[in-house]
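Let's walk through this structure together, one neighbourhood at a time. Please keep the sequence and the 3D view at hand.

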Amino acid sequence: MVDHNEIPQDRDALLTAFRDAMRHVAATVYAITTIHAGQRYGILATAVSSLSFDPPSLLVCINRAASLHGPLLAEQRFGVNVLGLGNRDVAEHFMSPSATDRFSLGAWEELAGVPVLATAQSSFACSLVHAHDFGTHSIFIGELLAAHHRQDATPLTYFDRNYIDISEAPGR
């Protein structure tokens, strides 16, 4: 029997336990985007949350080593695209190391100066109002500039290193 009251002392074991536990937390998949100096930047993320309704704002956590990090800080504006099941190809393209242009797949438009996916479940354009570094990431707070939503989309969900369809989850 495992003693859950035991506190792991080994940092590597703690990091492994954290990664394993977080893999089993189902999360919506987001494409975070910006435009800087005429070039579009984008990454996939799952660390996104609504923060406040007044003012309407979102919280986004981005690894400081990500290609989007510097351009987002410089531009002070970003997009949050809630990917739907129909956007799985876009998500896989964003993750592909061989994808030279992440925006070559999908119907991308601009909303308040940031790239948004026309077929996303929802898209938000935000102005950066605060950035805070913690560990390997920056926590960005964005105040809403514009938003749009499609009623007919099911969210793309990530669980245990796989995309899943939560609409097929059994009822309780």
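What follows is a short tour of a helix, its aromatic neighbours, a charged pair and a serine in a strand.

A word on the ground rules: this is a predicted model, in which local features need pLDDT of at least 70 and side-chain atom pairs count only at pLDDT 80 or more, while totals for chains, interfaces and linings use all residues. Residues are numbered from 1 along each chain as its sequence is written, and side-chain values use heavy atoms, with hydrogens and water left out.

Let's begin with helix α3, residues 88–95, whose buried residues are Val90, Ala91, His93 and Phe94. (Helices, H or I of at least four residues, and strands, E of at least two, are DSSP runs numbered from the N terminus; buried means under 20% relative accessible area, exposed over 50% and partly exposed in between, with a 1.4 Å probe and protein chains only.) These four lie on the same side of α3, because they cover an arc of only 165 degrees around the axis, taken from the directions from the helix axis to the C-beta atoms. The buried residues of α3 pack against β2 (30–36), β3 (39–45), β7 (108–111), β8 (114–117) and β12 (162–164), where contact means heavy atoms within 4.5 Å.

(Rings of Phe, Tyr and Trp, the last by its six-membered ring, pair if their centres lie within 6.5 Å; planes under 30 degrees apart count as stacked, over 60 as edge-to-face and the rest as tilted.) Together with Trp108, Phe94 and Phe103 form one aromatic cluster. The whole structure has 4 aromatic pairs.

Arg88 is partly exposed at 38%, as is Glu92 at 41%. The structure holds 1 salt bridge.

Our last stop is Ser57 in strand β5, residues 56–63. With 10% relative accessibility, Ser57 counts as buried. Leaving aside residues up to four places away in sequence, Ser57 touches Ser50, Leu51, Ser52, Gly142, Glu143 and Leu144.

Technical notes. Salt bridge = Lys/Arg side-chain N within 4 Å of Asp/Glu carboxyl O.
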